[in-house]
Amino acid sequence: MEPHTEQAPARSPEETLQALETDPKQGLSSQAVQERLARHGRNELEEKHINPLLKLLTYFWGPIPWMIEFAALLSAFIRRWEDFAIILALLFVNVGVAFWEEYKADNAISALKRNLALKARVLRDGSWQTLPAAELVPGDIVALRLGGIVPADMMLLEGDYLSVDQAALTGESLPVSRKPGDVVYSSSIVKQGEMKGVVTATGAGTYFGRTASLVQSARSVSHFQKAILRIGNFLILTTVALAVLILAVALFREEPLVETLQFVLILTVAAIPVALPAVLSVTMAIGAVHLARMKAIVSRLVSIEEMAGMDMLCVDKTGTLTKGELTAGEPVVVGEADADAVRVAAALTCEESSEDPIDRAVLESLPERGRLTSYEVVHLVPFDPVRKRAEAEVQRDGQRFQVAKGAPQVILELVSPPEEVQRLVDARVEELARRGFRAIGVARTDEAGHWQFLGLLPLFDPPREDSAETLRSTRRMGLTVKMLTGDHLAIAREMARRLEFGPRIVSAGEVLDERGRHKEGESIEAFDGLAEVFPVHKFNIVKELRARGHIVGMTGDGVNDAPALKQADVGVAVSGATDAARAASDLVLTAPGLSVIVRAIEEARIIFERMNSYTLFRIAETIRVLLFMTLTILIFHFYPVTAIMIVLLAIFNDLPIMMIAYDNAPVAPRPLKWELQRVLTLSSVLGLLGVIATFSLLWIARKYLELSGGELQTLIFLKLLVAGHLTIYLTRNPGWFWERPWPNWKLIVAAETTQLVGTLAAVYGWFIPAIGWGYALGVWGYALAWFLINNLVKIKAWQMVRGGGGRHARHVGRLMQPLHPQGSGV
């Protein structure tokens with residue numbers, strides 16, 4: 001019988017291993033893993049999944065469905081079964097569209113979450129393997145490393161030391177130290193050190209799993225979502241006010257109450273932006289899927305809006321601007337040591353299985369890797385960003401000594417050599433830095449145990465071939481890019497020269513104090529980059545730039561970058577980032593380089609434009625239909641369309657609206673920000689033009705055409721349908737409708753198919769009085785003529801709200817975007 005997986009604090013590591021039936025040298029066998037996986041389940045918290053059928057039924061419950069259902073009951077009460085059937089069709093269409101689109105969005109988000117799943121280094125069948133953390137079982141031997149997230153509750157077995165951040169679990173503000181025999185909890189972050197441990201609990205049995213039900217995750221709402229919701233509330237209040245007015249007038253005129261109430265309910269349903277939440281979620285989710293194909297995984301959907309408005313990007317040099325492939329050069333020897341001694345001493349501080357780029361470069365610099373077999377590493381203290389060095393205690397031929405490698409200044413401090421040696425080393429470091437080389441110092445103890453500085457090992461990380469061109473493209477997009485690096489000032493300046501960054505590269509110490517706060521003097525905005533940057537500097541740099549009104553993006557990869565990534569509007573974890581950095585980021589890159597970020601920004605701006613197009617259309621359409629209906633009823637004492645026609649309009653509008661999420665959209669040349677007043681102005685202009693056009697047609701038809709009341713209503717219905725769908729093409733760009741980018745085929749098919757079906761219904765009298773082909777074609781010609789007039793007026797209105805004077809939108813091109821470009825100094 002397998003023991004209980006929960007760890008009793010009184011147990012020793014040996015007792016725990018015995019209870020879990022685990023060999024610390026071999027790990028679990030594949031067979032044992034499968035047995036325990038079947039018994040304990042996967043190492044993940046069970047998500048509550050609602051049955052799809054029950055989920056579908058929830059869409060029939062709520063204020064909007066209630067209105068439609070009540071209207072259907074009224075139709076049945078007055079025995080208008082045709083109306084009853086069509087109103088029910090509207091209900092099922094609304095429910096079906098909302099359910100299907102949300103289902104697709106949820107699936108897309110779930111797929112993205114799977115791409116961000118944690119990995120763990122596990123000992124199984126005698127070999128170390130990298131596996132999904134969800135596959136861990138009690139008894140697994142796991143290696144914990146700097147920057148990793150503890151994948152399950154574990155008892156530490158061996159290692160020098162470990163410092164973990166448990167703030168998310170315990171509220172402790174400072175990392176806590178752990179030693180062999182101590183327990184570490186799932187979801188803690190390794191801040192320093194490396195250790196091995198055995199898994200004692202997984203999934204719901206972990207400390208985190210038991211307390212997860214008490215944790216409420218806050219869902220942030222982006223600026224764009226808030227603006228859209230404000231628009232939605234405005235449209236709802238306007239609709240309700242006008243509906244109440246129509247109802248009051250009808251009661252005053254003593255018109256049939258039931259029929260009037262049915263009409264008002266249907267009009268309210270048609271005018272309220274029912275599809276707004278679905279369009280929001282689907283557009284964001286589809287965009288996130290596209291970004292994932294570009295090797296950029298969105299961990300927070302609403303960050304897409306911030307990405308579209310980002311005007312300041314702080315990039316880390318290593319791995320983003322450079323290849324991240326360090327190559328060791330010829331050692332610079334100090335004193336009596338030779339080059340091989342420097343290489344061997346540095347290699348002895350590296351782990352053979354290490355994925356650290358510096359360790360790999362050092363090990364690969366050895367002519368023969370087998371030379372290390374004669375050395376036994378008794379104790380290894382791996383590198384961490386606080387101590388900035390790695391040390392090892394080594395034994396060979398019965399003799400023990402210590403070796404160390406790290407930042408030259410740190411190794412000099414450790415050795416305390418004569419002043420002339422310090423000056424020599426500083427000069428060599430400076431010389432190497434001017435050539436673009438990063439240097440690490442190497443030291444070893446002599447027979448008396450005194451540290452001796454052996455020399456410097458130059459490391460070179462060449463810039464990526466596409467970095468310079470990508471930076472130029474980024475600047476053309478209106479972004480200011482600043483380089484932040486922990487490297488020596490001379491290295492940073494050399495890299496800035498190669499990448500055409502700009503001359504103003506200074507040490508972080510010149511503008512920030514030891515706590516990372518800005519000193520008196522020039523703003524950080526004035527510099528092209530900062531060198532010798534520490535994690536606390538990054539956090540405060542981002543904080544100051546945001547305080548100055550910038551929307552800031554920040555790249556990072558290490559555990560100490562996590563605070564800055566969280567502080568930024570858009571935190572970007574670059575390829576190969578630690579689990580902690582990925583968890584703190586909004587965007588996780590799975591391919592190296594800056595070009596991925598640029599493509600992600602372009603896609604975010606396209607997504608933003610789609611949302612803008614939908615917003616303009618939705619406001620314009622509500623104003624056009626609702627205001628025209630209200631004025632016609634008040635002035636002419638005439639209902640211009642029937643309740644059934646309103647239902648058909650709502651059904652025909654649903655499909656093209658949902659296809660906006662797939663439409664082609666321009667890439668704005670500058671960062672975007674939401675300006676509600678301008679969007680309301682433009683949509684109001686389009687809406688009022690629609691009211692004028694429809695009123696004019698109604699007047700012409702009443703005065704000159706011999707149509708019955710029902711035929712006149714069908715004429716107006718067809719005009720509202722055709723002109724409404726044509727409005728979608730007007731809201732796509734600031735110029736003429738034929739200008740690029742052309743509409744996506746899905747949008748064209750959806751819009752034209754519903755127009756065709758609506759036209760056939762009007763011609764042949766499907767559910768509504770027939771008007772024949774003559775009047776139908778006349779309506780099409782009238783709508784197309786007004787479409788061109790609307791397009792011209794829209795261009796002029798766009799120029800006015802953008803301050804474009806008399807310039808034609810065609811000459812302005814992409815610079816005239818629906819959302820106001822945000823200047824870099826805002």
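**Figure 1. Packing of helix 25 against helix 28 in the predicted model.** Helix 25 spans residues 676-704 and helix 28 spans residues 772-801. In this predicted model, the two helices pack at an angle of about 155°, and their axes are 10 Å apart. Angles over 145 degrees count as roughly antiparallel, and helix 25 and helix 28 are therefore roughly antiparallel to each other. The crossing of helix 25 past helix 28 is right-handed. On the side of helix 25, the residues that meet helix 28 are Arg678, Thr681, Leu682, Val685, Leu686, Leu689, Ile692, Ala693, Ser696 and Leu697. Their counterparts in helix 28 are Tyr782, Trp786, Asn790, Val793, Lys794, Ala797, Trp798 and Val801. By class, the residues of this contact comprise 13 nonpolar, 3 polar and 2 charged.

**Figure 2. Packing of helix 23 against helix 25.** Helix 25 also packs with helix 23, which covers residues 595-636. The angle between helix 23 and helix 25 is about 40°, with their axes 8 Å apart. This crossing is right-handed. The contact of helix 23 with helix 25 is made up of 17 nonpolar, 8 polar and 2 charged residues.

**Figure 3. The largest nonpolar core.** This core has 61 residues. The residues with the most contacts inside the core are Phe263, Met629, Val641, Leu715, Phe717 and Leu718. Helix 26, residues 709-730, supplies the largest share of the core, 11 residues. Another core, of 43 residues, lies apart from this one and includes Ala288, Met307, Met477 and Phe501.

**Figure 4. Helix 26 beside helix 27.** The axes of helix 26 and helix 27 come within 10 Å and cross at roughly 170°. Helix 26 and helix 27 are therefore roughly antiparallel to each other. From helix 26, Thr714, Phe717, Leu718, Leu721, Val722, His725, Leu726, Ile728 and Tyr729 take part in the contact. The contact of helix 26 with helix 27 divides into 11 nonpolar, 6 polar and 1 charged residues.

**Figure 5. Surroundings of Leu718 and Thr759.** With neighbours within four places in sequence left aside, Leu718 is in contact with Gly758, Thr759, Ala762, Ile771, Ala776 and Val779. Thr759 is part of helix 27, residues 745-764. The relative accessible area of Thr759 is 5%. Buried means under 20%, so Thr759 is buried. Residues up to four places away in sequence not counted, Thr759 touches Leu718, Leu721, Trp773, Ala776 and Trp780.

**Figure 6. Helix 15 and its covering elements.** Helix 15 runs through residues 408-415, and its residues Pro408, Val410, Ile411, Leu412 and Val415 are buried. The elements that cover these buried residues include strand 13 (389-396), strand 14 (399-406), helix 16 (419-434), strand 15 (438-445) and strand 16 (451-460). Just after helix 15, Ser416 adopts a positive phi of about 55°.

**Figure 7. Asp487, a buried residue in a loop.** The loop that holds Asp487 lies between strand 17 (480-484) and helix 18 (489-498). Asp487 counts as buried, at 7% relative accessibility. Along the chain, Asp487 and Lys317 are 170 residues apart, and their C-alpha atoms are separated by 8.8 Å. Apart from its neighbours within four places in sequence, Asp487 is in contact with Lys317, Thr318, Arg438, Ala531 and Glu532.

Figure 8. Most residues other than glycine have a negative phi. Glu21 is located in the loop between helix 1 (13-19) and helix 2 (30-40), and Glu21 is exposed, with a relative accessible area of 54%. Asp397 belongs to the loop between strand 13 and strand 14. At 74% relative accessibility, Asp397 counts as exposed.

**Figure 9. The protein chain as a whole, for orientation.** The secondary structure comprises 29 helices and 22 strands. Of the 826 residues of the chain, 54% count as buried. Among contacts with a separation of 6 or more, 70% are between residues 24 or more positions apart.

Definitions and conventions. Residues numbered from 1 in each chain as written. Predicted model: local features only at pLDDT ≥ 70, side-chain atom pairs only at ≥ 80, totals over all residues. Heavy atoms only, no water. Axes fitted to C-alpha atoms, helices over the stretch in contact; angles between N-to-C directions. Helix = DSSP H or I, 4+ residues; strand = E, 2+ residues; numbered from the N terminus. Parallel < 35°, antiparallel > 145°, perpendicular 65-115°, else oblique. Left-handed = near helix turned anticlockwise from the far one by under 90°. Contact = heavy atoms within 4.5 Å. Nonpolar A, V, L, I, M, F, W, Y, C, P; charged D, E, K, R; others polar. Core = buried A, V, L, I, M, F, W, Y, C linked by side-chain atoms within 4.5 Å. Buried < 20%, exposed > 50% of the residue type's maximum accessible area, 1.4 Å probe, protein only.
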